Amino acid sequence: MASPQEICSQHTQICPVCTSLHKTTLLLAADLCPVCGSLEGLDTKRDLPEKSGLVGHEWAKGSVAPWRTRDGSAAYRTRQEDARAALLTAGLQPLPGITEEEETTGEAAVDFTTARRAWVVIDLGCGDAQILRVAALSFGARGVGVELDKGALVEAREKMKTAGLVEGDLITFQTADLMKLDLCSEVQSARQLQQDHTEEGVMDVNVVITAFLLPDTLQRLRPRLEECVARGGATVVTFKWDMGGRWQGPQLGEKNREHNFTIYRPAAVAVA
């Protein structure tokens with residue numbers, strides 16, 4: 001029998017992971033299998049034929065995104081420049097005097113207690129909290145990270161500390177299953193929390209929900225995300241994958257191909 005590597009090279013549209021498990025599955029895209037989920041970061045020599053090539057993720061069950069390969073390299077992370085571009089497009093205003101290098105090194109000297117923080121970012125499946133760190137350091141925005149993988153949260157807290165951020169100030173985390181989460185309640189709670197901590201004179205609190213999740217997960221969350229946009233006034237940003245043609249929110253998604261994200265806005269938001 002041919003090896004998974006040989007089959008993969010001969011038939012680029014067949015999933016090498018499924019092949020190693022004696023199944024044949026056509027890929028939806030170069031790095032997306034409908035059975036395994038994301039193949040991003042997969043090294044067939046390193047990760048096959050084991051079923052659990054990624055921490056917190058089983059290839060043959062996927063629907064949540066893997067976030068770390070076994071050798072320690074990140075497999076599924078939002079790039080800093082993509083997160084920044086998406087948040088700018090969503091309407092966040094950058095804090096003055098913060099460079100991208102300072103964001104990366106954690107050397108930004110910002111008095112967050114005086115920042116005009118009228119935005120909250122809720123990141124679904126936050127992983128190492130890259131999006132939330134960008135939101136805090138570049139925009140002074142409050143962030144809520146929702147993650148089920150405890151290992152990811154350990155790394156998120158370590159990187160937050162390295163960046164000079166204190167948990168509970170701008171960024172908070174909760175361990176939760178996205179499929180059991182009441183998203184609209186989370187939006188309202190985040191908005192109320194922000195109003196309680198925002199300087200006097202800032203009445204409107206805007207909420208952005210970000211998600212770097214696989215298509216199957218996005219479709220399962222879609223009805224609740226539509227409700228958050230239509231009734232809760234939130235803006236939704238998905239990275240890499242989008243809702244496809246099934247989205248029934250107030251406005252169609254706007255695709256940014258340079259930074260590979262799609263934004264779904266509430267009806268009241270006008271695009272400049």
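In the hairpin formed by β8 and β9, where four residues lie between the strands, Asn260 adopts a positive phi near 60 degrees. The model is predicted, so to speak of local features requires pLDDT of at least 70 and side-chain atom pairs count only at pLDDT 80 or more, while totals for chains, interfaces and linings use all residues. Residues are numbered from 1 along each chain as its sequence is written, and side-chain values use heavy atoms, with hydrogens and water left out.

Strands here are DSSP runs of E with at least two residues, numbered from the N terminus, and two of them pair if DSSP finds at least two bridges between them. Strand β8 (residues 254-256) pairs with β9 in the antiparallel sense over three bridges, and within β9 it is Thr262 that stands opposite Lys255. Strand β7 (residues 235-239) also runs antiparallel to β9, joined to it by four bridges, with Val236 having Tyr264 as its bridge partner in β9.

From strand β9 (residues 261-264), Phe261 and Ile263 point one way and Thr262 and Tyr264 the other way, and all are buried, a term that means under 20% relative accessible area with a 1.4 Å probe and protein chains only. In a regular strand the side chains alternate between the two faces of the sheet.

The segment after β9 contains Arg265, which is buried as well, its relative accessible area being 6%. The side chain of Arg265 makes a polar contact of 2.8 Å with that of Glu254, where a polar contact is a pair of N or O atoms within 3.5 Å, and within protein one must be able to donate a hydrogen and the other to accept it, residues adjacent in sequence counting only if both atoms are side-chain atoms. A polar atom of the Arg265 side chain also lies 3.1 Å from the backbone oxygen of Thr89.

Terms used: Buried < 20%, exposed > 50% of the residue type's maximum accessible area, 1.4 Å probe, protein only.
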